[in-house]
Amino acid sequence: MTIGTTRRTNFYRSADQGTHPADTPSEFVADGTNPTVILNQFNYAQVVFEIGYEFHHAAQFMRDSWQIGRIDGANLGHDATFTKFGSHLDLGYIIAYRRAGGDIHLAEWKTTPYGFFPAWQPLQTISIPAGEELHSSIGLDYLEDSENRWAVASWVTFRPNPNPSTPLFSAPIFEQANPLYPSEIGNPNHIHSGLNATRWKNDPLRPKPYSAGLHQVVSVSSGTPIQFSAWGIGNSNIRIGIDPTGGTDSNSTTITWSASNTSASFTEFSISTIANSSQVTVFLEGSFSESDSASITVWDSAKLQGSSLANAGFEGTFSSQNSLQIPDGWTAYLEDGSFAPATADAIYTVLTAWSSDGGVSWTAPIEVVQNRETSGSLSGAIPSNVFPLISAETETPTVSFIYLYAAGNPPANSEFIRFGRPHLAQCDLISAECSPSPGSSLLERDIVRPVTQLVTAKDVFDPSRDSIVWTSRQSDTISHDIFATHLVLR
Ligand SMILES: [Ca+2]
């Protein structure tokens with residue numbers, strides 16, 4: 001059986017080699033999106049799909065014939081999951097979906113006592129607490145044992161980290177403004193006078209904050225008035241400074257700084273002081289504190305009255321200093337602080353609610369597990385959907401939850417991949433006690449590469465058995481393999 005959407009048109013094709021002949025042509029169902037399908041007791045397809053944010057139910061009653069109607073028991077929403085309950089003439093369906101406001105809503109379709117005029121009815125609305133986001137589709141399962149008609153819904157919520165790591169500065173790229181110097185002019189808008197200027201920028205493909213500059217120590221007569229000026233451009237905060245003591249620490253409190261400004265076109269910065277030693281140091285600086293934005297700082301036409309600057313117009317040679325292109329006579333300085341560690345973490349919670357009477361009354365949401373290590377500290381992520389599986393084969397009936405748990409946090413702002421693996425947590429349906437966080441891994445670390453997507457399907461002949469299928473990254477981290485196993489609950 002396949003179901004697909006092409007240009008927002010739903011098609012259905014069965015190939016079960018039984019009642020339906022194999023390899024039948026696709027049937028047009030309806031225009032719409034996000035179809036989900038189950039088979040009824042007669043192996044006819046029931047499809048729920050969306051038109052805009054409205055849900056519709058397409059019931060196949062014979063080959064190429066569909067009865068289609070809006071689901072009146074549903075509000076506007078999206079991302080429906082669909083399951084069936086009961087058996088034979090008592091068969092009904094439950095859908096769960098994300099409501100437009102972010103809550104969860106369940107609706108059911110069931111036959112009336114004489115089987116006439118079945119209709120969709122609202123069943124339950126579950127609120128997501130303020131500050132949290134619904135992070136998954138709603139998992140659903142249904143199982144009747146001798147005493148109860150269990151229905152379980154489960155989902156993942158996400159609460160963003162209130163204290164994310166703060167990016168500090170990383171080294172910018174220093175270069176000459178005119179890469180064609182001296183034979184031709186490149187970037188003339190970045191040259192104030194002559195044929196060249198100096199500039200630095202963050203990597204435009206992976207922009208990071210920076211705080212960097214150039215300084216030069218010059219000889220003076222102590223007690224001389226000194227005036228330093230330069231022309232600058234920057235979407236960064238640019239400024240010039242003088243250390244009248246001749247020091248080279250840009251954080252020194254002895255430096256007199258100009259005002260700090262951004263400047264879209266060449267602007268002159270000027271500052272003056274009195275030398276109080278035989279050397280003074282002049283600074284050209286550009287700092288940029290935003291992440292994910294390109295930034296550039298340009299300086300040209302520096303001038304020092306009271307002494308003489310080397311390479312003040314940046315018309316001399318640029319030499320490589322630790323892979324940075326620095327104008328001769330000047331020395332680069334920069335902050336390279338990597339990242340301040342996060343003081344908290346995002347919280348992912350697997351939650352569930354269940355009913356023992358076929359969906360009439362439901363428990364309040366029950367917390368199953370979080371991305372919490374055995375030490376109690378938050379770590380990792382639960383990045384995907386959660387799939388419930390009810391079993392009456394266990395000593396008391398239980399519901400198991402299968403989800404991805406990606407343990408450990410990569411260094412802040414790094415490209416490292418978290419190591420996600422399929423995990424299992426279990427709640428006792430009678431006592432409502434659940435496994436400790438973050439549940440247990442279904443498969444050992446050394447046989448599972450990082451998992452990116454997970455789906456499960458219940459075995460129609462053995463309700464305590466689930467097929468689990470996942471994609472895992474190959475060593476190039478882009479290509480994926482698909483793996484499958486099965487889980488039996490006893
Ligand atoms: Ca110049």
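Two strands are taken to pair if DSSP finds at least two bridges between them. Strands (E, at least two residues) and helices (H or I, at least four) are DSSP runs, numbered from the N terminus. The structure described here is a predicted model, in which local features need pLDDT of at least 70 and side-chain atom pairs count only at pLDDT 80 or more, while totals for chains, interfaces and linings use all residues. Residues are numbered from 1 along each chain as its sequence is written.

The protein has zero helices and 34 strands. Its radius of gyration, taken over C-alpha atoms, is 33 Å, well over the 23 Å that the globule rule gives for 490 residues, so the protein is more spread out than a compact globule. The globule rule is 2.2 Å times the number of residues to the power 0.38. The C-alpha trace spans about 105 × 50 × 40 Å along the principal axes of the protein. Of the 490 residues, 38% are buried; a residue is buried if 20 or more other C-beta atoms lie within 10 Å of its own, exposed if 12 or fewer, and partly exposed in between, with C-beta atoms placed from the backbone. Two residues are in contact if their C-beta atoms, placed from the backbone, lie within 7 Å. Among contacts between residues at least 6 apart in sequence, 59% join residues at least 24 apart.

The protein is divided into domain 1 (1-115), domain 2 (128-163 + 342-490) and domain 3 (173-334), with bounds that come from an automatic or database domain assignment.

In soluble globular proteins, nonpolar side chains tend to be buried together. A nonpolar core is here a set of buried Ala, Val, Leu, Ile, Met, Phe, Trp, Tyr and Cys residues joined through C-beta atoms within 7 Å. The largest such core has 63 residues, and those with the most contacts inside it are Ile 94, Ile 95, Ala 96, Val 350, Phe 401 and Tyr 403. Strand 29 gives the largest share of this core, seven residues. Both domain 1 and domain 2 give residues to the core, so it lies between them. Not counting residues up to four places away in sequence, Phe 401 touches Ser 154, Val 350, Thr 352, Val 368, Val 386, Pro 388, Leu 424 and Ala 425. A second, separate core of 38 residues includes Ile 191, Trp 231, Phe 283 and Phe 314.

Strand 29 (residues 398-407) pairs with strand 28 in the antiparallel sense over five bridges, and Phe 401 in strand 29 stands opposite Pro 388. An open sheet of four strands has the order 28-29-30-31, with antiparallel pairing. Strand 28 (387-391) and strand 31 stand at the edges, each with a single partner strand, so one side of each is left without a neighbour in the sheet.

Strand 22 pairs in the antiparallel sense with strand 16 over four bridges and with strand 18 (residues 225-243) over seven bridges. Val 298 in strand 22 stands opposite Arg 199 and is also the bridge partner of Ile 233. Strand 22 is mostly covered, with seven of its 10 residues buried. Ser 301 is found in this strand (residues 296-305) and counts as partly exposed because it has 18 C-beta neighbours inside 10 Å.

Most residues other than glycine have a negative phi, and most peptide bonds are trans. Ser 301, although not a glycine, has a positive phi of about 50°. Asp 64, also not a glycine, has a positive phi of about 65°. Asp 64 is placed in the loop between strand 6 (54-62) and strand 7 (65-70), and with 11 C-beta neighbours inside 10 Å it counts as exposed. The peptide bond from Tyr 181 to Pro 182 is cis, with omega near 0°; Pro 182 is in the loop between strand 15 (173-176) and strand 16 (198-201). The bond from Ser 437 to Pro 438 is cis, with omega near 0°, and Pro 438 is in the loop between strand 30 (419-428) and strand 31 (440-441).
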